[in-house]
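Trainee: Could we go through this structure together? I would like to begin with its pockets and then turn to the packing of its helices.

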Amino acid sequence: MSQSEPQSPTVPVPASAQVGPISHAIFRVARLHRMIAGQLLRRVGLHLGQELVMMQLWEAGSQRQTDLVRLLDSDAATMTRTIKRLEHAGFVRRRPCPGDRRATLIEPTAASHALRRQVEEVWSELEAGVVGDLPLDERAVTLRVLERLESNLAHATVALPEDD
């Protein structure tokens with residue numbers, strides 16, 4: 001099989017999913033990606049999603065917890081649990097926000113800065129597993145298509161009715 005020939009999916013596509021083959025493929029890819037990412041992150045002592053919080057903190061410095069919720073498209077309860085676990089592991093600390101007594105600032109600790117290189121290595125390994133032997137031009141096209149799909153889905157969420 002040449003590089004340009006599509007490979008068959010790792011699981012058969014059920015007949016009922018034939019009407020949405022791209023959605024089914026996204027589901028399968030996302031499931032495998034999360035599984036592998038979770039395994040790789042466990043090696044450095046993190047749970048899935050915690051690395052995204054740390055990346056934001058390393059990049060921008062201290063953040064209000066509410067801003068992390070918004071930036072990572074999370075919910076308050078999930079972010080609270082994530083911050084508690086990261087704090088317990090010694091990677092973040094909480095402090096009152098000087099400008100808003102109701103808010104809490106989350107800041108990375110010195111211990112987390114040592115973790116940064118490990119997280120970057122994990123992401124590099126994950127990326128290598130994702131792209132495999134895709135040539136650079138196909139990687140660029142894949143990234144553009146994924147960005148377009150993300151944009152399409154973001155616009156679709158605006159049109160969804162509110163849950164009651």
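Predicted model: local features only at pLDDT ≥ 70, side-chain atom pairs only at ≥ 80, totals over all residues.

Trainee: What volume does the second largest pocket have?

Mentor: Its volume is about 260 Å³.

Trainee: And which helices each supply at least two residues of that lining?

Mentor: Those are α2, residues 50-60, and α4, residues 76-88. The largest share, five residues, comes from α4.

Trainee: How does the lining divide by class?

Mentor: The lining of the second largest pocket has five nonpolar, six polar and three charged residues.

Trainee: Staying with those two helices, at what angle do α2 and α4 pack?

Mentor: The angle is about 80°, and their axes are 10 Å apart. The two helices are therefore roughly perpendicular to each other. On the α2 side the contact is made by Q50, V53 and M54, and on the α4 side by M79, T82, I83, R85 and L86.

Trainee: Now α2 against α5. Which orientation do they have to each other, and why?

Mentor: They pack at an angle of about 120°, with axes 11 Å apart; α2 and α5 are therefore oblique to each other. Their crossing is left-handed. From α2 the contact involves E51, L52, M54, M55, W58 and E59, and from α5 it involves S112, H113, L115, R116, V119 and W123. By class, these residues divide into seven nonpolar, two polar and three charged.

Trainee: Let us turn to α1. How is helix α1 placed against helix α5?

Mentor: Helix α1, residues 21-42, packs against helix α5, residues 110-131, at an angle of about 150°, with their axes 10 Å apart. That angle makes α1 roughly antiparallel to α5.

Trainee: Is that crossing left-handed or right-handed?

Mentor: The crossing of α1 and α5 is right-handed. The residues in contact are H33, I36, A37, L40 and L41 of α1, together with V122, E125, L126 and V130 of α5.

Trainee: How many of those are nonpolar?

Mentor: Seven are nonpolar, and the contact of α1 with α5 also has one polar and one charged residue.

Note on methods: Residues numbered from 1 in each chain as written. Heavy atoms only, no water. 1 Å grid on protein atoms, 1.4 Å probe; cavity = no way out; pocket = protein on both sides within 12 Å on 5 of 7 lines; lining within 4 Å. Points joined across faces, edges and corners; volume = space filled by probe spheres on them. Helix = DSSP H or I, 4+ residues; strand = E, 2+ residues; numbered from the N terminus. Nonpolar A, V, L, I, M, F, W, Y, C, P; charged D, E, K, R; others polar. Axes fitted to C-alpha atoms, helices over the stretch in contact; angles between N-to-C directions. Parallel < 35°, antiparallel > 145°, perpendicular 65-115°, else oblique. Left-handed = near helix turned anticlockwise from the far one by under 90°. Contact = heavy atoms within 4.5 Å.
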